[in-house]
Amino acid sequence: QNSRTKTLSLVNSYSVVSIKRFEKFKKSTLSKVILLKSHTELTCNKVALKIHEMSERNLFVHLKDVISSLTSKEDLETLTDATIYINYIEFLPKTTLNLLQDYLKLNSADGPLFLVASSLSLEAIQQKDWPENLKKDLIGFYFDIDRVPLSQQTSEEILELLFFHLDTVLS
């Protein structure tokens, strides 16, 4: 991990005090939801795992594995250090879509990162009978993986430019 140390010495008549400040650079995503578009499920999975790895989150789960225990937006908010992978959003039940939309409305700084896979084009998403805010969130960070050469689909440089910014975190 990237880190830098700065030392400041304070001198008074009795002693020398040394204060160390550690700056840790943590990659954070520009959005809490990223839409990965591909006609190949394996391609979406590979890119999702790479983004998860780059985000330095601890837990990667499929929504289908945890949805039964998630009943409210507050339940989603508790998964602060998780990446939740949604495979083919177009097949989610309306209640799950509404839960996702309700959570995204919170605009919480913490909470899970949603990586959403789909084979739908932007036009097809806009035609869906989904809440407008959800469609807007999905379209905001849309990655058409199939348009990128195979050798660069999981390139850290490309993914970093598209979805990440560098935060300085003091610890």
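**A working chat on the sheet, cores and salt bridges**

Colleague: How many strands form the open sheet, and in what order?

Modeller: The open sheet has 5 strands, in the order β4-β5-β6-β3-β7, and their pairing is parallel. Please bear in mind that this is a predicted model.

Colleague: Which are the edge strands?

Modeller: They are β4 (59-62) and β7 (142-144), each of which pairs on one side only. As for the twist, the average is 20° from one strand to the next.

Colleague: Changing topic: how many residues are in the largest nonpolar core?

Modeller: That core has 23 residues, and the ones with the most contacts inside it are I86, I89, F114, V116 and L138.

Colleague: Which elements give two or more residues to this core?

Modeller: Strands β3 (33-37), β5 (82-86) and β6 (113-118) do, together with helices α2 (63-66), α4 (94-105) and α6 (132-140). The largest share comes from α4, with 5 residues.

Colleague: And F114, what does it touch?

Modeller: Setting aside residues up to four places away in sequence, F114 touches K32, V33, I34, L76, I84, I86, L100 and Y103. There is also a second, separate core of 17 residues, which includes Y85, L159, F163 and F164.

Colleague: What joins the side chains of K50 and E53?

Modeller: They meet in a salt bridge, with an N to O distance of 3.4 Å. Both residues lie in helix α1 (residues 41-55), 3 residues apart, which is about one turn of the helix.

Colleague: Is K50 buried or exposed?

Modeller: K50 is buried, because its relative accessible area is 18% and the cut-off for buried is under 20%.

Colleague: What about T43, where is its place?

Modeller: T43 is in helix α1 as well. At 10% relative accessibility, T43 counts as buried. Not counting residues up to four places away in sequence, T43 touches S38, I145 and Q153.

Colleague: Back to salt bridges. How many are found in the whole structure?

Modeller: A search of the whole structure finds 6. One of the salt bridges is between the side chains of K94 and D129, at 4.0 Å from N to O. K94 lies in helix α4 and D129 in the loop between α5 (122-127) and α6, so the pair ties together parts that are 35 residues apart in sequence.

Colleague: How accessible are K94 and D129?

Modeller: K94 is partly exposed, with a relative accessible area of 42%. D129 counts as exposed, at 62% relative accessibility.

Colleague: And which residue forms a salt bridge with R147?

Modeller: R147 pairs with D144, the closest N and O atoms being 3.2 Å apart. K37 belongs to this picture as well: K37, D144 and R147 are linked in a network of salt bridges.

Colleague: Is R147 buried or exposed?

Modeller: R147 is exposed, with a relative accessible area of 72%. D144, by contrast, is buried, with a relative accessible area of 14%.

Notes: Residues are numbered from 1 along each chain as its sequence is written. This is a predicted model: local features need pLDDT of at least 70, side-chain atom pairs count only at pLDDT 80 or more; totals for chains, interfaces and linings use all residues. Side-chain values use heavy atoms; hydrogens and water are left out. A nonpolar core is a set of buried Ala, Val, Leu, Ile, Met, Phe, Trp, Tyr and Cys residues joined through side-chain atoms within 4.5 Å. Buried means under 20% relative accessible area, exposed over 50%, partly exposed in between (1.4 Å probe, protein chains only). Helices (H or I, at least four residues) and strands (E, at least two) are DSSP runs, numbered from the N terminus. Contact means heavy atoms within 4.5 Å. Two strands pair if DSSP finds at least two bridges between them. Axes are lines fitted to C-alpha atoms, for helices over the stretch in contact, and angles run from 0 to 180 degrees between N-to-C directions.
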